[in-house]
Amino acid sequence: MNVLFEEDGGFKAGSVMTDGEASLQVEMPSGKRSKIKAATVLLRFEKPAASALLEQATPLAEEIEADFLWECVSDGEFSFLDFARDYYGHDPAPVEATAVLLALHAAPVYFHRKGKGRFRKAPADILAAALASLEKKRQQALAMEGWIAELKEFRLPADIAPLTDALLYAPDRNRPETKAFETACAETGLSAAQLLFQCGALKSAYHLHYKRFLHEQFPKGTAFPALDAPALPVDLPKADVRAFSIDDANTTEIDDALSVVRLPGIGSRIGIHIAAPGLAIAHGSPLDGVARARLSTVYMPGNKITMLPDAVVQNYTLAGGVDCPAVSLYLTVNDALEIVSHESRLEMVHIAANLRHHEVEPWFNAETVGGPLADQPFRDELLHLWHFANACEGRRGKPSAVQGINDYNFAIEGDLADPDACTVEISERKRGSPLDKLVAELMIVANSTWGGLLAEKNVACLYRAQTQGKVRMTTSPLPHEGLGVPQYAWMTSPLRRYCDLVNQWQLIACLKGETPAFAQKSAELFAAMRDFEVTYGAYADFQRLMERYWCLRWLQQHGIGEIDATVRREQLVKLDHLPLLLRVPSLPADLAPATRVRLAVESIDLLAPELACRFIGLLASGDAAEALEEEAQ
């Protein structure tokens with residue numbers, strides 16, 4: 001005796017070895033023996049052999065049309081054996097009964113299963129909907145095949161073209177277009193960006209990187225809402241100083257300025273003047289909402305996305321020739337360049353000039369400060385501040401800037417709407433110049449002094465601490481070991497960093513004797529600190545990415561085939577004249593840090609963006625090696 005039974009959602013046939021009331025022992029055509037439940041048996045038969053039943057029934061089942069069966073069967077449940085009898089007009093042979101069973105089982109749209117060997121025909125409306133769905137899927141499958149074929153030939157299908165940005169930055173994997181596109185990527189071995197670039201849908205790698213950043217950080221766009229810029233305060237006393245700022249040529253958010261007044265018999269009074277948008281932007285106001293959402297200005301070569309609207313920046317930037325609201329820190333300094341006392345004020349400060357690095361450094365630099373200086377505006381003030389900065393650095397016992405490290409300036413010529421037509425020039429500038437030290441030291445004094453003032457008054461503040469080599473934001477006035485100060489609060493860039501604006505609100509309230517916007521252990525303050533750290537880090541990563549992109553463009557633009565580099569560690573090198581680190585797998589593993597090497601440029605991928613280089617050889621040992629770069633703050 002043989003049996004047809006159901007197992008794991010399919011049908012099998014075997015020869016009965018032992019037949020029990022609840023279970024059977026069967027031998028399969030393969031020779032394997034299995035124990036099955038009697039309830040799973042659908043048919044018992046002697047002929048044909050168990051191995052032949054399904055072989056003979058399958059082609060018969062394929063000849064049976066499901067729609068014809070549906071028309072033939074009556075409403076209500078039925079057994080496949082009863083229906084096979086009606087279908088064939090006689091008691092069905094095992095092969096015939098099995099063929100009907102297979103046909104019914106293979107048409108779940110037409111027949112719904114209701115138990116062992118039992119079915120029910122689908123209602124007409126449900127069948128119509130199911131058939132329409134199947135036809136839609138069939139058409140989708142045909143369309144997907146066509147899309148995949150076009151993409152593999154590097155032609156962009158019309159149905160996929162409008163989804164370019166979504167495919168790159170937020171693919172909806174439930175859409176057939178996305179499924180077809182990802183299948184084409186897998187079959188061509190290309191990334192999404194590479195495939196779209198080959199299809200001509202992606203015009204520039206620059207737009208790829210920029211739009212991805214906007215999608216992640218500015219999903220609603222970079223435009224500001226229509227908000228009026230707050231008017232300048234009218235009740236502030238006017239400071240009796242000639243202040244000046246020191247910035248790069250492209251700086252528009254001028255946050256800080258300096259002044260020097262000689263005090264006969266005492267020494268001097270040094271003023272550190274910080275732009276004061278906190279006097280007009282109220283905590284909880286719509287402008288605060290804008291700044292809170294952005295948290296910082298985003299910098300990148302040739303472009304930036306400001307934290308505050310241009311009108312607000314223009315009102316509160318420390319522009320030359322204008323009286324500007326400021327939070328001022330005055331340091332009384334004796335002839336030994338020691339800070340005798342300090343005082344903080346809210347006032348209007350006249351900005352006499354905006355000095356620019358490229359204009360001042362030719363006559364005020366490391367080679368000239370030791371001798372007589374040219375007769376230039378603010379020469380005496382700069383020299384006095386330079387000596388004071390050196391004294392401050394000595395008292396801290398820490399350098400204000402890592403020596404031997406370069407800053408890099410990117411000049412992009414052309415319209416970024418067509419970035420591939422733009423050219424880039426990259427210039428180096430040594431850190432630690434007299435101007436760098438002068439500004440850095442005075443900002444350290446301001447941030448440390450005001451952070452200490454708020455800690456003394458028990459006013460909540462966002463601090464930047466460094467302990468055990470780790471730099472982090474905190475609401476506690478912890479030391480910054482890298483700077484050698486007991487506490488350090490970012491307060492000197494309120495036009496471009498939200499944490500500085502928050503701290504300025506707290507400082508203004510302290511100076512006015514008012515209740516500060518944020519209480520100690522404020523949940524809102526903690527949230528702002530956490531969001532600022534995450535967002536500020538993401539912005540910094542994007543800036544490095546875009547600098548990397550423009551470095552690769554520079555290499556292409558100048559046709560660089562070989563370039564010199566300095567080993568940092570293991571296979572990591574720093575390229576000469578570029579802020580570019582990369583790994584070179586072919587570099588000998590035993591090279592010590594600071595070893596000078598020459599590399600061959602093998603490939604440049606702007607979409608990644610990645611650079612592949614190959615080791616050529618060592619440079620002469622007498623060549624100067626660049627210092628290893630460290631983060632000071």
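1. **Ground rules.** This is a predicted model, in which local features need pLDDT of at least 70 and side-chain atom pairs count only at pLDDT 80 or more, while totals for chains, interfaces and linings use all residues. Residues are numbered from 1 along each chain as its sequence is written, and side-chain values use heavy atoms, with hydrogens and water left out.

2. **Helices H1 and H4.** Helices here are DSSP runs of H or I with at least four residues, strands are runs of E with at least two, and both are numbered from the N terminus. Axes are lines fitted to C-alpha atoms, for helices over the stretch in contact, and the angles run from 0 to 180 degrees between N-to-C directions.

3. **What meets what between H1 and H4.** From H1, Leu 53, Leu 54, Gln 56, Ala 57, Thr 58, Leu 60 and Ala 61 meet Pro 94, Val 95, Thr 98, Ala 99, Leu 102 and Ala 103 of H4. Contact means heavy atoms within 4.5 Å. Sorted by class, the contact of H1 with H4 has 10 nonpolar, three polar and no charged residues. In this scheme Ala, Val, Leu, Ile, Met, Phe, Trp, Tyr, Cys and Pro are nonpolar, Asp, Glu, Lys and Arg are charged, and the others, Gly among them, are polar.

4. **Helices H9 and H16.** H9 and H16 (residues 523-557) pack at an angle of about 175°, and their axes are 11 Å apart. That angle is why H9 and H16 are roughly antiparallel to each other. On the H9 side, the residues in contact are Ala 205, Tyr 206, His 209, Tyr 210, Phe 213 and Gln 217, and in H16 they meet Thr 535, Ala 538, Tyr 539, Phe 542, Leu 545, Met 546, Tyr 549 and Trp 550. The contact of H9 with H16 has 11 nonpolar, three polar and no charged residues.

5. Glu 55 is part of helix H1 and is exposed, with a relative accessible area of 61%. The cut-offs are under 20% relative accessible area for buried, over 50% for exposed, and partly exposed in between, using a 1.4 Å probe and protein chains only. Between Glu 55 and Glu 367 there are 96 Å, C-alpha to C-alpha, and the two are 312 residues apart in sequence. Lys 220 sits in the loop between helix H9 (205-217) and strand S9 (243-247), and at 85% relative accessibility Lys 220 counts as exposed.

6. **Around helix H14.** Ser 433 lies in the loop between strand S17 (423-430) and helix H14 (434-456) and is buried, at 14% relative accessible area. The side chains of Ser 433 and Glu 361 make a polar contact of 3.1 Å. Such a contact is a pair of N or O atoms within 3.5 Å; within protein, one must be able to donate a hydrogen and the other to accept it, and residues adjacent in sequence count only if both atoms are side-chain atoms. Thr 449 belongs to helix H14 itself and is buried, with a relative accessible area of 18%. A polar atom of the Thr 449 side chain lies 2.6 Å from the backbone oxygen of Val 445. Leaving aside residues up to four places away in sequence, Thr 449 touches Leu 329 and His 342.

7. **Cis peptide bonds.** Lys 47 and Pro 48 are joined by a cis peptide bond with omega about 0°, and Pro 48 is in the loop between strand S5 (41-45) and H1. The bond from Ala 608 to Pro 609 is also cis, with omega near -20°; Pro 609 is in the loop between strand S23 (596-605) and strand S24 (610-618).

8. **Positive phi.** Leu 295, a residue other than glycine, has a positive phi near 70°. Leu 295 is in the loop between helix H10 (286-294) and strand S12 (298-300) and is buried at 3% relative accessibility. Glu 570 also has a positive phi, near 45°. The loop between strand S20 (562-569) and strand S21 (572-575) holds Glu 570, which is exposed at 57% relative accessibility.

Key:
Angles under 35 degrees count as roughly parallel, over 145 as roughly antiparallel, 65 to 115 as roughly perpendicular and the rest as oblique.
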